[in-house]
Amino acid sequence: MQIKTKAIVISSLKYQEKSLIVKCFTQSHGLKSYFVRDAFSSRKSSQKIAYFQPLTILEIEAVHKNKGTLENFKEIKIATPFQTIHSDIFKSTIVMFISEILHHSIHEEEKNEALFTFLETALHWLDNHDQMANFHLILMLEITKYLGFYPDISEMEFPFFDANEGVFTPFHGLGSLTEHETSLFKKLIALKFDNDQKIFHVIERQIVLKILIDYYTFHLDGFRKPKSLEVLSAVFS
């Protein structure tokens, strides 16, 4: 089956000496993996490889055999070139981190157009704004809406958040955040991308990030802590 769709690059892995295996989240068919033969061997190899930087948004034509094997691109072009994401150290670090989060979170080969549209919109926002210290926190929380484990905020007046159940409670249980941690988590829930980026101090931001990573771990089978976490913490310390 030949398809034409937008695709967000999640990861790329060098295969043997000259080729790549590229994992993409496509608008039309969810998660797909593609084999790129001779990505490193042609005169245009640098251009080819540039297509597959983390979270690049592509327009692709591809052949999908849908047999659980690697698919193949027919045509690739960048949908909208980013102006700052891959040249700004802060933004490129965020993108590397988020691509790992998505790599460990999206496993299904099924269409999730709402998540695709959200990610595309969020990446364009990041490309066009400089105050983005909390971007990855807001993004991680928002993604849970599309993956089915967004916190139940109907009783946010309660002082404790039970991360296992995803609810706020009046009592501190085994899976609960402390009252201080819950307070920080409530602040995050109220945040939007355009809000004051200085709402958290550095230590508070690290606490909230740990809460989110633990929350993902509770609710997603096979989720692993991103290797880029230490780099992210160093850049935003």
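Author: Let's start with a definition: contact means heavy atoms within 4.5 Å. What you are looking at is a predicted model, where local features need pLDDT of at least 70, side-chain atom pairs count only at pLDDT 80 or more, and totals for chains, interfaces and linings use all residues. Residues are numbered from 1 along each chain as its sequence is written, and side-chain values use heavy atoms, with hydrogens and water left out.

Reader: Which residues does Thr5 touch, leaving out those up to four places away in sequence?

Author: Thr5 touches Thr26, Gln27, Ser28, Leu58, Glu59 and Ile60. As for Thr26, its C-alpha atom is separated from that of Thr5 by 6.7 Å, although the two are 21 residues apart along the chain.

Reader: Why is Thr5 called buried?

Author: Check the cut-offs: buried means under 20% relative accessible area, exposed over 50%, and partly exposed in between (1.4 Å probe, protein chains only). Thr5 comes in at 8%, so it counts as buried.

Reader: And what makes Lys145 partly exposed?

Author: Its relative accessible area is 41%, so Lys145 falls in the partly exposed range. You'll find Lys145 in helix α4. Its C-alpha atom and that of Ser228 are separated by 24 Å, and those residues are 83 apart along the chain.

Reader: Where does Thr5 sit?

Author: Thr5 is in strand β1. Helices (H or I, at least four residues) and strands (E, at least two) are DSSP runs, numbered from the N terminus.

Reader: How do you know which strands pair, and in what order do they come?

Author: Two strands pair if DSSP finds at least two bridges between them. Take β1 and β4: they have 7 bridges, in the antiparallel sense. β4 (residues 57-63) also pairs with β5, antiparallel again, over 6 bridges. The whole thing is an open sheet of 5 strands in the order β3-β2-β1-β4-β5.

Reader: What makes β3 and β5 edge strands?

Author: β3 (30-36) and β5 (72-78) each have a single partner strand, so one side of each has no neighbour in the sheet. On average, neighbouring strands here are turned by 40° against each other, direction ignored.

Reader: Which residues are bridge partners across β4?

Author: Glu61 in β4 is partnered with Lys4. Towards β5, Leu58 faces Ile78, and Ala62 faces Phe73.

Reader: Why are α4 and α5 called roughly perpendicular?

Author: Axes are lines fitted to C-alpha atoms, for helices over the stretch in contact, and angles run from 0 to 180 degrees between N-to-C directions. Angles under 35 degrees count as roughly parallel, over 145 as roughly antiparallel, 65 to 115 as roughly perpendicular and the rest as oblique. Helices α4 (residues 135-147) and α5 (residues 179-190) pack at about 85°, with axes 9 Å apart. That angle is why α4 and α5 count as roughly perpendicular.

Reader: How do you know what kind of residues make that contact?

Author: Ala, Val, Leu, Ile, Met, Phe, Trp, Tyr, Cys and Pro count as nonpolar, Asp, Glu, Lys and Arg as charged, and the others, Gly among them, as polar. Leu137, Ile138 and Leu141 in α4 meet Phe185, Leu188 and Ile189 in α5. That gives 6 nonpolar, no polar and no charged.

Reader: What makes α3 and α4 roughly antiparallel?

Author: They pack at about 170°, with axes 10 Å apart, and therefore count as roughly antiparallel. The contact includes Ala114, Phe118 and Trp125 of α3 and Leu139, Glu142 and Tyr146 of α4. It divides into 12 nonpolar, no polar and 1 charged.
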